[in-house]
Amino acid sequence: MTGRVRRSARRPVAVPARVDVLVLGGGPAGTWAALAAAAEGASVALVDKGWCGTSGAAAAGGNNLWFVPPEGEARERAIETRTREGGFLTDPRRMAAAVARTWDAVHELAAAGYPFPDDEHRPGERYLGSLQGPEYMRLQRRRVRRAGVVVVDQSPATELLGDDDGAVVGAAGVHRQHGNAPWSIGAGAVVVATGGCAFLSGALGCNVDTGDGALMAAEVGAELSGMEFSNQYGTAPAFGAETKGLMYQFATYSRADGTELDIGGMGRPALQRAMVEGPVYARLDRAEPELHQKMRWSQPNFFLPFDKMGVDPFRERFGVRAVLEGTVRGTGGIAVPGEGCATTVPGLFAAGDAASREDITGGITGGGSHNGAWAISSGSWAGTAAARHRPRAAGRATPAGRAGLRPVGRPRGRYDDVVAAVQSRVLPLELNRFRTGASLRESLAVLDPLWEQVVDGLAPADRPGTHSRQAAAMVAHARWMYSAALARPESRAMHLRGDHPDTDPAQTHRLRVRGLDDIAVIADRPREAVIAS
Amino acid sequence: MIEIVSAERCIGCDRCVDICPTDVFDRGSGGVPVIARQADCQTCFLCEAWCPVDALFVAPERDPLPERLDEADVGGTLGSYREAIGWGHGRTPGARIAVGPPLRHEPGDRPGPPLV
């Protein structure tokens, strides 16, 4: 080491005992929630497992946004298209609100200094429809801190606090860079924005997304929705972690022996069927040379790994693989039927990928675009509603965490083994992308005892509290998603059942899921009835 | 995965320790952070972006390299994600020029909005 040493001071983290609004998660949804709550005059703390600014799927990648101008009929058309593609499970009213909120929010980002590119088609104007992750989240962190929000990094929340009436009145967790010292914050309302669950699959930026928030929410009685739509897979080079799919529209695919596969562009699910049968290789040879530099500018981290490998993806073949993105790019999550993304539990709000995105994307992936718009809009709504929430007189706060936190039996398992066992049932395409009733039942027969094991307790892990909770959250998600998948004997949107390949009009309803030890799946009212009412 | 913290380049600011979303680094007793939990690295390259002196090298492979990488072999590419996104003095932010091909591109189409 040479030069100046600017070693930062290592003070203990200052955590307020009580705030009006506590936001769990510092990705896009959490930061928009914190900004909205602060704008209402609330005192706000934002707590992140990692670091607000780099944490989560958006920071590592970026978002094209669902960004539709108000003029003409563009928005109506966008909503109609998505309603159809999403399997008629969306909520047109919330879709319209999300499009409107996203439009406004992106203009707020422009005013705050986000360096949008020039619009090639409108001289003198900027193009505002997409965001690069590192730049976006660096700015969001700056904005949140400027708004007076207390940001607490590297401090995973492990449980919610509930009062005697069943309302959420705070959360607790640990500071993982300070010897796992505990923290506890009382709050008038809590916004869960902890991201989805990608089962530590290694999808880009998603290893912080282990479903912790949904586990905490379920423990206080919150319902989930859309959990059967949890089997989105991204395409990545076989060697690396970049699950960035858009460039594959320029791909041709082949087998090891060079035989070309008749799969066009991004090619899902045909590409994924081919991957089940054997290794697949790709080459981005459908991109004309004059596009190459633009492609590099638009997704620098797609190309960086190839450059470091010394592979020219435009000319050389490289192996590709499918990586589970779970509920991060699937649509399932905590149900938010209430105004302002209120959950079914008083004092608890959910936003971003932690919440169900069926309202705006139905049963297909929200990709970057719809999920990015949802993070902005649901975060903004949840932050505002949480700030306006009037809690009843604060009673006794009881910690609600169970599995992986408060063992009830003799520890009989290790964190690593539990994670590996869950992954063996949820990562393979042949079990999760392409489902049958038989495979779902077989998986649940493995996962149900695994849950009992986690409830009993796990052997001490490297990270007490965090690791075992992650394991519990992943087992819970696997059981929720397969229980819901079993209760939908049809194929709709991303949910494909080999034993029920057709879409059944009689199943045009959502599936709500609740419970941890015993899981209940409840079919909602048919959507036409919901939309008409 | 993260493979190198360059002791020559590091100024001991601990920024990488602070910002790593999966908490891979520990503060080192000699001032240079150590890679304490390599298996937790998710190969997101964000530490390269945030390191102010390009002291880090994240290998493109998602698994640890079988043999220790020699800094001299990759010296020129330390911190290359920071350069790629246009962070650092005198650079144009990558976001400012991020204009890509259209989403459903057919040969001959004019360039469309950026893909990020």
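Predicted model: local features only at pLDDT ≥ 70, side-chain atom pairs only at ≥ 80, totals over all residues.
Local features are described here where pLDDT is at least 70, side-chain atom pairs count only at pLDDT 80 or more, and totals for chains, interfaces and linings use all residues. Residues are numbered from 1 along each chain as its sequence is written, while chains are lettered from A and ligands numbered from 1 in the order in which they are written.

**View 1. Where chain A meets chain B.** Here 54 residues of chain A are in contact with 47 residues of chain B (contact: C-beta atoms, placed from the backbone, within 7 Å). On the chain A side, helix 2 (57-60), strand 3 (62-64), strand 4 (130-132), helix 5 (133-146), helix 8 (289-298) and helix 9 (300-309) each supply at least two residues. Helices (H or I, at least four residues) and strands (E, at least two) are DSSP runs, numbered from the N terminus. Helix 9 of chain A gives the most to this side, with six residues. By class, the side holds 22 nonpolar, 23 polar and nine charged residues; Ala, Val, Leu, Ile, Met, Phe, Trp, Tyr, Cys and Pro count as nonpolar, Asp, Glu, Lys and Arg as charged, and the others, Gly among them, as polar.

**View 2. Helix 4 of chain A and its neighbours.** The 20 residues of helix 4 (residues 92-111) of chain A reach 29 Å from first C-alpha to last, close to the 28 Å expected (1.5 Å times one less than the number of residues). Look for the buried residues A:Met95, A:Ala98, A:Val99, A:Thr102, A:Trp103, A:Ala105 and A:Val106 (buried: 20 or more other C-beta atoms within 10 Å of the residue's own, with C-beta atoms placed from the backbone). An α-helix has 3.6 residues a turn, so residues three or four places apart point the same way. The buried residues of helix 4 pack against helix 1 (28-39), helix 3 (74-85), helix 11 (358-361) and helix 12 (369-388) of chain A. After helix 4 comes A:Gly113, with a positive phi near 110°.

**View 3. Two domains of chain A.** The domain assignment gives domain 1 (232-325) and domain 2 (415-532) of chain A, with bounds from an automatic or database assignment. Their centres, taken over C-alpha atoms, are separated by 29 Å. Each domain of chain A brings eight residues to the contact. On the domain 1 side, strand 10 (232-237), helix 7 (270-277) and strand 14 (318-325) each supply at least two residues, and helix 7 has the largest share, three residues. That side divides into six nonpolar, two polar and no charged residues.

**View 4. An annotated stretch of chain A.** Residues 20-229 of chain A carry the UniProt annotation "domain: FAD-dependent oxidoreductase 2 FAD-binding", from an unreviewed entry. Over this stretch the chain is 33% helix and 22% strand, and the end C-alpha atoms are 34 Å apart.

Notes:
Contact = placed C-beta atoms within 7 Å. Buried ≥ 20, exposed ≤ 12 C-beta atoms within 10 Å, placed from the backbone. UniProt positions renumbered as here; feature names shortened; annotations may be inferred.
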